[in-house]
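Subject: Structure handover and findings

Hello,

Here is the structure for your files.

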Amino acid sequence: MHMAACTRTSTGSNKPPSLCLLLLVHALLLAIASSPAGGLQVGFYQQTCPQAESIVRNVTWARAAADPSLAGKLLRLYFHDCFPQGCDASVLLDGRGTEKAAPPNQSLGGLDVVDAAKAALEAACPGTVSCADVVALATRDAVSFQFRRSLWQVETGRRDNRFSDEAHATDLPSPEFVFPLLRDSFAKRGLGVRDLVALSGAHTLGHTDCQFVSPRLYTFQGNGGVDPFIDPSYARELMRQCPATPPPSSSSSSGKVALDPGSEFTFDTSYYATIKANRGALHTDSVLLHDDEAARLVDEMHDQGKFLTAFAASIQKLGAFGVITGNKGEIRRNCHVVN
């Protein structure tokens, strides 16, 4: 920032105060515009709550040690919060007509861990750390637990949204998207094909509901029959897990299918081998092979080092999309209700 224009000149006169003010404001605006992620930064709470990240990590790692499914749950929560309108914790708000009430979000998990971490933060630093940042930090820590080190840095400084609209859940990619629709939905958020393929690697963790798989098995594209891009033996396996006529004691929508069978609790590259073998559970997994660039990246992501590097970069980009910072929004004390 150049401040020389507001110092005494060689003739002994000063610049008019109004000009100095304009120059200062202009310089500040340039600094803000050039700052990363519109106000986010690594270590945002270093002065106001220096133990914030360690508090979240300790809570998350303790829960992850007891629940191997936690990383998959929190990744899904993070994506469902961030992708529609940006990481603003709007998906956490309770109530009728909120994002949380939308069908895709009714089965979200990991909320208890977010609540536990937030409660610990409120005890240490009341009203300081946003719920949106808790979700971002806890997600990183849950995925990183198996490595016992942080896989990526989390820029913090998000604020929590005071509003949540069920309609925003429709901005999530449909499990039935063809590749161009999937690519375009990511592009609207500043994410390219590399980001799409890298973030899809999150499907190496966790499970999905039968309601998102059954259309590929029984009513593919509304015409009946099985999706031809599923390996036939795997299709039969999925049909056993998600029968067309569920037993009376259950329903196809309540069943669960591992997204990456045999590796659903390990963050690795086996997901990419799974879809190369036409054994992806979701249609949006299979369509990564329908585009030359995406298919090439699927091959590249078989390398663990390249995958971890690409995933770290892409999840950071998603985490910076549409965030609320500065004096906008609020810092919720309870993540499920506005202050």
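Leaving aside its neighbours within four places in sequence, which residues is Asp81 in contact with? They are Gly86, Cys87, Asp88, Ala89, Ser90 and Val91. Contact means heavy atoms within 4.5 Å.

First, the ground rules. This is a predicted model, where local features need pLDDT of at least 70, side-chain atom pairs count only at pLDDT 80 or more, and totals for chains, interfaces and linings use all residues. Residues are numbered from 1 along each chain as its sequence is written, and side-chain values use heavy atoms, with hydrogens and water left out.

Overall picture

The protein has 13 helices and 4 strands. These are DSSP runs numbered from the N terminus: helices are H or I with at least four residues, strands are E with at least two. Of its 339 residues, 47% count as buried. Buried means under 20% relative accessible area, exposed over 50%, and partly exposed in between (1.4 Å probe, protein chains only). Among contacts with a separation of 6 or more, 75% join residues 24 or more positions apart.

The annotated sites

UniProt, in an unreviewed entry, gives "binding site" for Asp81, Gly86, Asp88, Ser90 and Glu99. They span 19 residues in sequence, yet no two of their C-alpha atoms are more than 12.7 Å apart, so they gather at one spot. The positions are in the numbering used here, feature names are shortened, and annotations may be inferred rather than shown by experiment.

Asp81 lies in helix 3. Asp81 is buried, with a relative accessible area of 1%.

Glu99 sits in the loop between helix 3 and helix 4 (111-124). Glu99 is buried too, at a relative accessible area of 2%. Not counting residues up to four places away in sequence, Glu99 touches His80, Pro84, Ser90, Val91, Asn105, Ser164, Asp165, Glu166 and His168.

UniProt also lists Pro173 for "binding site", again from an unreviewed entry. Pro173 is in the loop between strand 2 (155-156) and helix 6. Beyond its neighbours within four places in sequence, Pro173 is in contact with Phe79, Phe83, Leu182, Ser185 and Phe186.

Pocket and cavities

Rolling a probe the size of a water molecule over the atoms shows where empty space is left. The search runs on a 1 Å grid over the protein atoms alone. A cavity is a set of points where a 1.4 Å probe fits but cannot get out. A pocket is an open set with protein on both sides within 12 Å along at least five of seven lines. Lining residues have an atom within 4 Å of a point. Grid points are joined across faces, edges and corners, and a volume is the space filled by probe spheres set on the points.

The largest pocket holds about 1000 Å³ of space. Its lining has 42 residues, with Arg76, Phe79, His80, His203 and Leu282 nearest the centre. Elements giving two or more residues to that lining include helix 3 (70-85), helix 6 (179-187), helix 8 (210-218) and helix 13 (304-320). Helix 3 gives the largest share, 7 residues. By type, the lining divides into 22 nonpolar, 14 polar and 6 charged. Here Ala, Val, Leu, Ile, Met, Phe, Trp, Tyr, Cys and Pro count as nonpolar, Asp, Glu, Lys and Arg as charged, and the others, Gly among them, as polar.

There are 2 cavities of 30 Å³ or more. The largest cavity has about 80 Å³ of space. Its lining residues include Tyr78, Trp152, Arg158 and Ile315. Helix 13 gives the most to this lining, with 3 residues.

In helix 7 (193-200), 7 of the 8 residues are buried, so it is largely enclosed by the rest of the structure. The cover over those buried residues includes helix 6, helix 10 (270-276), helix 12 (292-300) and helix 13.

Cys335 lies in the segment after helix 13. Cys335 is buried, with a relative accessible area of 2%. The C-alpha atoms of Cys335 and Ala119 are separated by 9.5 Å, although the two are 216 residues apart along the chain.

Best wishes
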